[in-house]
Amino acid sequence: MRLLVVGRLSGQLASAVKMAMAHGAKVNHVERADQATEQLRRGQGADLLMVDYQLDIAALIAANEAERITVPVVAFGVDADAREAAAAIRAGAKEFIPLPPDADLIAAVLSAVADDEKPMISADPSMKAVLQLADQVARSEASILVTGESGVGKEVMARYLHENSRRKERPFISVNCAAIPDNLLESELFGHEKGAFTGAVARRIGKFEEADGGTLLLDEISEMDARLQAKLLRAIQERVIDRVGGSKPVPVNIRIIATSNRDLSKAVAEGVFREDLLYRLNVVNLRLPSLRERPGDIGVLADHFVKKYAAANGVPVRPISAKAREAIAAHRWPGNVRELENAMHRAVLLATGAEIDVDAIRLPDGQPLNPSSSGMTGHAAPVGHDSPYGGGVAARAAQAADAVTRNFVGQTVAAMEKTLILDTLNHCLGNRTHAANILGISIRTLRNKLNEYADEGTAIPAPQSGVSASGYAA
């Protein structure tokens, strides 16, 4: 993780920087906000800005946005009260770190904002076969397409490939193509020249140049606009890029890894993804199985997350009880590894006894991981004769379906669609990519729908991180 600290380097801030470095962060420092923007323009990138709350955080964020630079901000301060911390958050900071620093809080914030400490952990034969193929191709220069459902660990695999490549000493730069609006993504990738557009007061180096000599990860490549796909294809074929507003090609030496949770062959057939680009990206395909396809990984991943979040929250490491292991093994985990990680984080915080029992493992809506929700019941209960639905799980499912149907009668299709989209987004804790995957629509379609609802005055669930500044589950 690359951390840019903005503010006067006092003794207490220096201690916080040392703690961040102890957790693997690479730290640069400037004193003024304009110096921070200038560093980012020059391609000395950062995954996180840590900014003194006494500086004009809103102006810094606005200056970055004018230059089409998107980097999250965390505020810090010495002896700041709640009012000042709240003002920093309102100005655009994601979190607030009070000084003197607390080691656990520093670790939790770094984990929440840019969690790149995700080792490749596997015990299941199906996943080990994928890892064996990854080891074979990691040291090559081939472009690699990593596919699989949302939450299976595609970015983790991309980092694994980089760390085992001949480029491991050079930068690993990640760009989420679904999270950045189309009008910003071109500049984010290719950079721009001074005067290229209103607000471009100086040359800005993009991610391609920032990754020179290393690896560029294009996360959720399926969401890239068709016009940018053409520019990306040229960059991959000719190893040169054109900055926005530039007149001279810029050579780059990078390896491309792309990820997608959609079927790109289907996207090609639908005319929303270029076939020639797919061929360039898909020299080697690594398909990561879903968590339900690799049951041997569930236990070892759960143990890993328990240790990770016990350390992050300063609580003792409790073993997972036998009953809890049965429950997590039986659950289908539709959100895959990401859902399991959040569930075990909650379990670490909710457990009260000597072990993490099944009662501490809860779904995103707070409901317990009981047999009916986890799929522990192997077969539906037999249908009885006392009711129109019978008894057991089948009866409850049928009754719920009937109730839902009655609620929808009299509503327009648009209203039903809106309810489904917002309920799914709530279920996914505001995660747009995950919600779009469940709904079977593109992230762009989802974003357009949410903008439409927001214009109508509807409150839209905000994305929630797995960890808040205080280290508690979101």
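His192 lies in the loop that links helix H8 (182–190) to helix H9 (207–210). The model is predicted. His192 has 0% relative accessibility, so this residue counts as buried; the cut-off for buried is under 20%. Its side chain makes a polar contact with the side chain of Ser187, at 2.7 Å. Ser187 is also among the residues in contact with His192 once neighbours within four places in sequence are left aside.

Now turn to helix H13. Helix H13 (residues 296–313) packs against helix H14 (residues 322–330) at an angle of about 120 degrees. The two axes are 9 Å apart. That angle makes H13 oblique to H14. The crossing of H13 past H14 is right-handed. H13 contributes Ile298, Gly299, Ala302 and Asp303 to the contact, and H14 contributes Arg325, Ile328 and Ala329. By class, these residues are 4 nonpolar, 1 polar and 2 charged.

H13 also meets helix H15 (residues 336–350). Here the axes come within 8 Å and cross at roughly 50 degrees. H13 is therefore oblique to H15. H13 passes H15 in a right-handed crossing. On the H13 side, the contact uses Ile298, Leu301, Ala302, Phe305, Val306, Lys308, Tyr309, Ala310 and Asn313. H15 supplies Val337, Leu340, Glu341, Met344, His345, Val348 and Leu349. The contact of H13 with H15 comprises 12 nonpolar, 2 polar and 2 charged residues. Ile298 and Ala302 of H13 take part in the contact with H14 and in the contact with H15.

Note on methods: Residues numbered from 1 in each chain as written. Predicted model: local features only at pLDDT ≥ 70, side-chain atom pairs only at ≥ 80, totals over all residues. Heavy atoms only, no water. Helix = DSSP H or I, 4+ residues; strand = E, 2+ residues; numbered from the N terminus. Buried < 20%, exposed > 50% of the residue type's maximum accessible area, 1.4 Å probe, protein only. Polar contact = N/O pair within 3.5 Å; in protein donor to acceptor, adjacent residues only side chain to side chain. Contact = heavy atoms within 4.5 Å. Axes fitted to C-alpha atoms, helices over the stretch in contact; angles between N-to-C directions. Parallel < 35°, antiparallel > 145°, perpendicular 65-115°, else oblique. Left-handed = near helix turned anticlockwise from the far one by under 90°. Nonpolar A, V, L, I, M, F, W, Y, C, P; charged D, E, K, R; others polar.
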